[in-house]
Amino acid sequence: MPTLFPPDVIQRVRLNTGPFCSAPFCRRQVTYSGGLHLGELAHIYGHGVGSPRSEFMPDEFDPHCYENAILLCRVCHRMIDRCPGFFPPNVVLDWKRYAEHAFSLGGQLQPSLMPTNYDLRAEFPIAYNFIRQFDPLRELIHEIFFREQFRTPYNSKASVDTKVVHCIRGAASANNLIRGGIPVFFFQHMPFRNWMAEIIRASQLVRESPEFTYVTNYCNTVDFHFNWNRTENEDAEAIFVSPTAKGMYELKLLVDRFENHLHELQQYGMPQGRGH
């Protein structure tokens, strides 16, 4: 794992964080027996001018110190650096504290609400209903990738119709949706709640974009110009230029990851009982 952190910092982070990605919604295992390390140490404050979150770095701060290192899986590392506006230093620092505290308590930050005989499959319909809220957004982003106009900075604006805007605004308020006195989206399984909390946080950030601060009967316009970032031995990534388009894309990716998490649980088995 290429890193600029010294060996003692790397070892200390691994000892204090445990073998999992520090993002509370991800928590994918990244360290295995036999010394196999798939995780990456990310900089909370970027270590170079123009790097993610570097503008917030305190004066006289060593960018390669323990306090600036967080253990993440590769996907989460690329995510926080691709869209730093979504993941400011205070958010990433909270992840690190969460992971360290959880590991100090044996891997669980707080008791699960799941009774010992609870079947997690009961929560899958709720999870998929939550994901389906984002269908208009996912369809729009999918369409963007197949339209050549967005590969250039000219004529790259597109209309975002009200159903997309409403799906983002609705998701941002999903915690407050009540039917018959019961929350529409409520999970007893801690990982599901963490995924939902992160997706709601992302939805709230997109909702605050200038293009979406109001809703009319007409379409809102967003600049969707993007470039493909292709690096050696890495999958190509779409890099959007406009902060709003960047945020919409990251929100879509978070929803996709939650859906993939559900598919993996169904394919490889679901935890019973406390569902840690």
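Which residues does F192 touch, not counting residues up to four places away in sequence? In the predicted model described here, these residues are L120, E123, F124, F187, F258, H261, L262 and L265, where contact means heavy atoms within 4.5 Å. The model is a prediction in which local features need pLDDT of at least 70 and side-chain atom pairs count only at pLDDT 80 or more, whereas totals for chains, interfaces and linings use all residues. Residues are numbered from 1 along each chain as its sequence is written, and side-chain values use heavy atoms, with hydrogens and water left out.

Of its 276 residues, 48% count as buried, buried being under 20% relative accessible area, exposed over 50% and partly exposed in between, with a 1.4 Å probe and protein chains only. Among the contacts in the chain with a separation of 6 or more, 74% come from residues 24 or more positions apart.

F192 belongs to helix α7 and is buried, with a relative accessible area of 0%. The C-alpha atoms of F192 and A127 are 7.7 Å apart in space, although 65 residues separate the two in sequence. Helix α7 also holds E198, a buried residue with a relative accessible area of 6%. When neighbours within four places in sequence are left aside, E198 is in contact with F25, F87, W95 and L254.

Helix α7 (residues 190-207) packs against helix α6 (residues 162-172), the two axes coming within 8 Å and crossing at roughly 130°. That angle makes α6 oblique to α7. Axes are lines fitted to C-alpha atoms, for helices over the stretch in contact, and angles run from 0 to 180 degrees between N-to-C directions. Angles under 35 degrees count as roughly parallel, over 145 as roughly antiparallel, 65 to 115 as roughly perpendicular and the rest as oblique. The crossing of α6 and α7 is left-handed, a term that applies if the near helix is turned anticlockwise from the far one by less than a right angle, the clockwise case being right-handed. On the α6 side, I168, R169, A171 and A172 meet I200, S203, Q204, V206 and R207 of α7. The residues of this contact divide into 5 nonpolar, 2 polar and 2 charged; Ala, Val, Leu, Ile, Met, Phe, Trp, Tyr, Cys and Pro count as nonpolar, Asp, Glu, Lys and Arg as charged, and the others, Gly among them, as polar.

F124, A127, Y128, F130 and I131 in α4 meet V255, F258, E259, L262, H263, L265 and Q266 in α8. By class, this contact has 9 nonpolar, 2 polar and 1 charged residues.

The largest nonpolar core has 76 residues, and W95, F224 and M248 have the most contacts inside it. Such a core is a set of buried Ala, Val, Leu, Ile, Met, Phe, Trp, Tyr and Cys residues joined through side-chain atoms within 4.5 Å. Helix α8 (residues 243-268) supplies the largest share of this core, 10 residues. With residues up to four places away in sequence not counted, M248 touches L137, L140, I141, V160, V164, V206, F212, V222 and F224. In helix α5 (residues 135-144), the buried residues are P136, L137, R138, L140, I141 and I144. The elements covering the buried residues of α5 include α4 (124-132), β5 (157-160), α6, β9 (226-229), β10 (237-240) and α8.

Most residues other than glycine have a negative phi. R27, which is not a glycine, has a positive phi of about 55° and is placed in the loop between α1 (7-17) and β1 (31-32). R53, likewise not a glycine, has a positive phi of about 65° and lies in the loop between β3 (40-43) and β4 (69-72). R53 is buried, with a relative accessible area of 1%. Leaving aside neighbours within four places in sequence, R53 is in contact with H43, I44, Y45, G46, I80, D81, P84, F87, P88, P89 and V92.

Notes: Helix = DSSP H or I, 4+ residues; strand = E, 2+ residues; numbered from the N terminus.
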